[in-house]
Amino acid sequence: MSVQGSGVEVLLHLMDPASAKQLRLCAIPHQFNPGILQVLVPNMDMDLAEERCKEFSKLSIVLSGSDGWSIHDEARRNLFAQWFKPENIAEFAAASARLVAYFDQFSVNVQGQSQENVRRRRMFHLIGVEQSKGFAEFEQLCRQARHQFRISECASLIRLVHEYDSILIPQHKVWLTYHEGKLSSDLRQWEEAEKHFKNILEDVASPPVLRVKAYVRLGYIYCEKRLWQIAIDYYQQGLQLATTKASSHDQIHHILLDLGIAFRDSGDLSQAEKMLQNSIKLAEEINDLAGMASAYNTLGTLNLKRGDTHLAIEAFEKSLEYLEKSNDVFGSAQLYNNLGIAYTDLREWEKSEQFYQKSLEITRRAGDSLGQARTLNNLARVQVNQNKIDQAIKNYTQAIRLFGEMREHYNHAVAKYNRGKIYRRIKIFKLSRQDFTEAMELFKRYGKHEEADSVLKDINTLPC
Amino acid sequence: MTTILERRLSEFVNRDNELRRFCEMVESDNKFIMVVWGESGMGKSSLLARMIHECAQRKLRKAEFVSKDTRSNDYMAIMRKIRDDVGVDFFKPFTDLINFYTKEGYQPKIELSVTVAGSIEVAKKAQIEGSNVGDISAVVIKDNMINVPRSDMAVPETERMAKLTDRFIEGLSMVVENELLVVFFDAGEKMSLDTEKWVWGELFGAVRDGRLNNIKFVLCGQNPPKLDRDWRILVEEAELQPLGREHIINYLGKRGLDEASRPDLADMLLSHTKGKISQIAEMVDAFLQLKERREHNNG
């Protein structure tokens, strides 16, 4: 290998050639030990591997840790980059292949966190053997992590893939940009996310299916910012592209659903309904049960907004039907809650209470405290209307505790405010004042001054 | 045989100012975080090793978390590592809850609701509902070391984070009740943004809000901290600068180079590396390799 100017290259040039070569190989994995050195240098016996590791450990660039030795990041980066040169790449691929096989074997004997670490390392080296396979593995791991809401894990995986930046093919580079954009969105870093998705649109290597996704993601960003028209424009661009490309046809009903939500939230309810009905029709054609469930649920909320409560109930019931067919065990909690809201609008208190109780049962089983708190809050309101005061107070109290534990400050304040109103109604003014005061303090602390002013008005209605 | 740590400590130069500020921070009632930053190769990890050694000499309890590319670096990994460094017995409810969130079918062994009134002294002010604290010590709970949430429940991530953090802080408050703890974080630049937010918001936030006392943190990384005025009061900030000529000469002495050659070698190294410590170390390694090879050839 050629010698360049950096200190580590000078060091390697002056080392025994065999040792220098082996140290370069040790820069391929992130950590090494005698076992890994034997993988990197086949036919090396364990005694020599241990001796070599000890020799390397005397160098300033080698650090020790709980999982073996590692080369200092900057030195490792330099050495790793050398492996991508044309004269070295074949040997690099062969060493990487041996590491993949090693981690394959290793993964059989470990579980849990250790197995996850091994899978990560295996993925990293697989990219060096066969880029497409390795990248596919990365996408699978990243998708799994996102599905589990493990954002930190996605960030680590993306960092690892970036080590191959100089040899990533354009197709993989743009897809990596897409994953980075999704990560930024998950972290609510909208500017960063927008930059990534716009880069995809500007990149000639971006395939149509990715462009469609980028448009949709830009739509999400602007929905989050509540800039509906811009969001709708992006969705429509995505839709237009998706309808012209066969590879994107399966995205169309999702985009129509997103458009339906955006139109609904912007206030254009008739356009929203049109989009949602189209989404349902297409989802039906391909038997996407989850897609139909989502679209019907959104149609239900649209009808609630319109005041067409009976139509809303029909839509929610349809959504529930499809959700149950798709074996989504916990998703129905939201639907039961929505049905509870609908029957509250109709002042059918008993039915409303029944649906809230069903929702509560599911959220309890799911371990979803915030879901429980929201439903308890709704349930308590219904119980007030039924004059079930004790039960209402009990449910508000539980909701308050759960909102507090979940650091949901706004809802915490709202629940206290609601409970304060009940205490006032049953003339327990001391507790009413306490709840109102605490609610007001919470609203003020988190910048909700209008709400704080409303509460103050209620405090002033209490007898001294 | 000299260990890598022993070698690092023996070759440590400069950074006396940072070390002094660390010691002052440990003894201070006002500051509880030290942030050390500098570009790669400036000697942050070596300084950290020196601080850890200082803690050992003072018999201070410590915990360390190093972010790595090939390992999980999230909030759960941090809490687990601190727990394992400090002693698992204080954290049984925490471990129990992690298992509950990650192992299918797992039922909690500890039904414990602990509320801590005001600032801390758990034993005095805690109200423990539903269980006798003495029972917990008899319960054996082993962490299944799974990261993935169990699929037979649907606990939102925000809830997992909030509840695990609360349980962890409860355990940590018992650890630090009678004894100072120093927690070291290295390679902070490898922490994801959400983990960083958790560290500052939840972990450091627990100290700032008075829920945790008697604990100090050192955070090493490549990026300067973004602090508002309220945080600045509580944080000791140290940006590592390149080595100067005298320090390089000092370092060369510790590496065993003869006195006569040190000044010229130091000038050469300063010119080539601009005082970047990792590059200085690499060049000295190379020089010593050359010397060894010549001695071997001259035999």
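**Exercise 1. Locate K59(B) and state whether K59(B) is buried or exposed.**

Solution. Step 1: K59(B) sits in the loop of chain B between helix 3 (44-57) and strand 2 (61-66). Helices (H or I, at least four residues) and strands (E, at least two) are DSSP runs, numbered from the N terminus. The structure is a predicted model, in which local features need pLDDT of at least 70 and side-chain atom pairs count only at pLDDT 80 or more, while totals for chains, interfaces and linings use all residues. Residues are numbered from 1 along each chain as its sequence is written, chains are lettered from A and ligands numbered from 1 in the order in which they are written, and side-chain values use heavy atoms, with hydrogens and water left out.

Step 2: The relative accessibility of K59(B) is 71%, so K59(B) counts as exposed. Buried means under 20% relative accessible area, exposed over 50%, and partly exposed in between (1.4 Å probe, protein chains only).

Step 3: The backbone of K59(B) has a positive phi of about 60°, although K59(B) is not a glycine.

**Exercise 2. Which loop holds M145(B), and what is its phi?**

Solution. Step 1: M145(B) is placed in the loop between helix 7 (133-138) and helix 8 (157-175) of chain B.

Step 2: M145(B) is not a glycine, yet its phi is positive, at about 55°.

Step 3: With a relative accessible area of 26%, M145(B) is partly exposed.

**Exercise 3. Describe the surroundings of T165(B).**

Solution. Step 1: T165(B) belongs to helix 8 of chain B and counts as buried at 1% relative accessibility.

Step 2: Leaving out residues up to four places away in sequence, T165(B) touches R407(A), M79(B), W198(B) and E202(B). Contact means heavy atoms within 4.5 Å.

Step 3: For T165(B) and M79(B), the C-alpha to C-alpha distance is 8.1 Å, and the two residues are 86 residues apart in sequence.

**Exercise 4. Summarise chain B as a whole: how many helices and strands does chain B have, and what share of its residues is buried?**

Solution. Step 1: Chain B has 13 helices and 7 strands.

Step 2: Of the 299 residues in chain B, 54% are buried.

Step 3: Among contacts in chain B with a separation of 6 or more, 76% come from residues 24 or more positions apart.

Step 4: Chain B exposes about 13,900 Å², and carbon and sulfur atoms supply 49% of that area. Accessible areas come from the Shrake-Rupley method with a 1.4 Å probe; for residues, only the protein chains shown count as cover.

**Exercise 5. Examine the salt bridge between D73(A) and K190(B).**

Solution. Step 1: Side chains of opposite charge can pair when their charged atoms come close. A salt bridge is a side-chain nitrogen of Lys or Arg within 4 Å of a carboxyl oxygen of Asp or Glu. The count by this rule is 50 salt bridges over all chains.

Step 2: In the pair D73(A) and K190(B), the closest N and O atoms are 2.8 Å apart. The pair crosses between chains: D73(A) is in helix 5 (residues 73-82) of chain A, and K190(B) is in the loop between strand 5 (181-186) and helix 9 (193-208) of chain B.

Step 3: D73(A) is partly exposed at 29% relative accessibility, whereas K190(B) is buried at 10%.

**Exercise 6. Which helices of chain A hold R120(A) and E153(A)?**

Solution. Step 1: R120(A) and E153(A) form a salt bridge, with the closest N and O atoms 2.9 Å apart.

Step 2: R120(A) lies in helix 7 (residues 112-129) and E153(A) in helix 9 (residues 151-162) of chain A, so the pair ties together parts that are 33 residues apart in sequence.

Step 3: R120(A) is buried at 1% relative accessibility, and E153(A) is buried at 9%.

**Exercise 7. Work through the salt bridge of E438(A) and K416(A).**

Solution. Step 1: The side chains of E438(A) and K416(A) meet at 2.4 Å, N to O.

Step 2: Because E438(A) lies in helix 23 (residues 429-445) of chain A and K416(A) in helix 22 (residues 409-425) of chain A, the pair ties together parts that are 22 residues apart in sequence.

Step 3: E438(A) is partly exposed, at 30% relative accessible area, and K416(A) is buried, at 12% relative accessibility.
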